Amino acid sequence: PDVYQQFTKEQGVFSNPTSDGSPAKLRLAFEAAPFGLLVEKAGGKTSDGVTGNSILDVEINAVDQRTPLCIGSANEVDRFNDMVCMVE
């Protein structure tokens with residue numbers, strides 16, 4: 001679902017997790033962080049896909065830096081963190 005549906009229905013999530021065989025595709029400075037800011041300001045939640053922290057907490061170290069991402073409604077991102085990030 002797109003971000004609009006995630007908020008109007010208060011469910012849904014967009015995720016782009018990574019693995020050894022599938023590196024991150026989204027650029028932090030141009031894609032992940034701007035969408036993360038919009039989603040968090042609208043009442044949603046974001047995750048860096050690794051630690052479970054907000055994507056806005058990830059420091060930008062390079063222009064082309066790539067990152068995993070999960071954005072959406074708060075309860076769905078929490079579920080993602082529980083399943084993928086193994087957050088306690």
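How many bridges join β3 to β5? Three bridges join these strands, which run antiparallel. Here, helices (H or I, at least four residues) and strands (E, at least two) are DSSP runs, numbered from the N terminus, and two strands count as paired if DSSP finds at least two bridges between them. The structure is a predicted model, in which local features need pLDDT of at least 70 and side-chain atom pairs count only at pLDDT 80 or more, while totals for chains, interfaces and linings use all residues. Residues are numbered from 1 along each chain as its sequence is written, and side-chain values use heavy atoms, with hydrogens and water left out.

We can start with the chain as a whole. It contains three helices and five strands, and from the N terminus on the elements run α-β-β-α-β-β-β-α. The radius of gyration of the chain is 12 Å, close to the 12 Å that the globule rule gives for 88 residues, so the chain is as compact as a globular protein of that length. This radius is taken over C-alpha atoms, and the globule rule is 2.2 Å times the number of residues to the power 0.38. Along its principal axes, the C-alpha trace spans about 35 × 25 × 20 Å. Buried residues make up 35% of the 88 residues, where buried means under 20% relative accessible area, exposed over 50%, and partly exposed in between (1.4 Å probe, protein chains only). A contact means heavy atoms within 4.5 Å. Of the contacts in the chain with a separation of 6 or more, 63% are between residues 24 or more positions apart.

The sheet comes next. Three strands form an open sheet in the order β1-β5-β3, with antiparallel pairing. Its edge strands are β1 (13-16) and β3 (45-47), each of which pairs on one side only. From one strand to the next, the twist averages 10°; axes are lines fitted to C-alpha atoms, for helices over the stretch in contact, and angles run from 0 to 180 degrees between N-to-C directions. Helix α2 (residues 28-41) packs on this sheet and touches β3 and β5, its direction making about 150° with that of β3. Helix α3 (residues 74-85) lies across β1, β3 and β5 and runs at about 20° to β3.

Strand β5 (residues 69-72) pairs with β1 in the antiparallel sense over four bridges. Within this pairing, Phe-14 has Ile-71 of β5 as its bridge partner, and Ser-15 stands opposite Cys-70. Cys-70 is also the bridge partner of Ser-47. In a regular strand the side chains alternate between the two faces of the sheet. Both faces of β5 are covered, with Leu-69 and Ile-71 buried on one side and Cys-70 and Gly-72 buried on the other.

Helix α3 has a buried side as well. Glu-76, Val-77, Phe-80, Asn-81 and Cys-85 are its buried residues. They cover an arc of only 145° around the axis, which puts them on the same side of α3; the arc is that of the directions from the helix axis to the C-beta atoms. These buried residues pack against β1, β3 and β5, while the face turned away from them carries the exposed residues Arg-79 and Met-83. Met-86 follows the helix and has a positive phi, near 55°.

What of the cysteines? The structure holds zero disulfides, a disulfide being a pair of cysteine sulfur atoms within 2.5 Å. Cys-70 is in no disulfide, and the nearest cysteine sulfur, that of Cys-85, is 7.7 Å away, too far for a bond. Cys-70 is buried, with a relative accessible area of 0%, and Cys-85 is buried at 11%. Leaving aside neighbours within four places in sequence, Cys-85 is in contact with Ser-47, Gly-49, Val-50, Thr-51, Gly-52 and Phe-80. From Cys-85 to Phe-30 the distance is 24 Å, C-alpha to C-alpha, and the two residues are 55 residues apart in sequence.

Thr-67 is buried, with a relative accessible area of 5%. Not counting residues up to four places away in sequence, Thr-67 touches Ala-24, Leu-26, Leu-28, Ala-32, Asp-48 and Ile-55.
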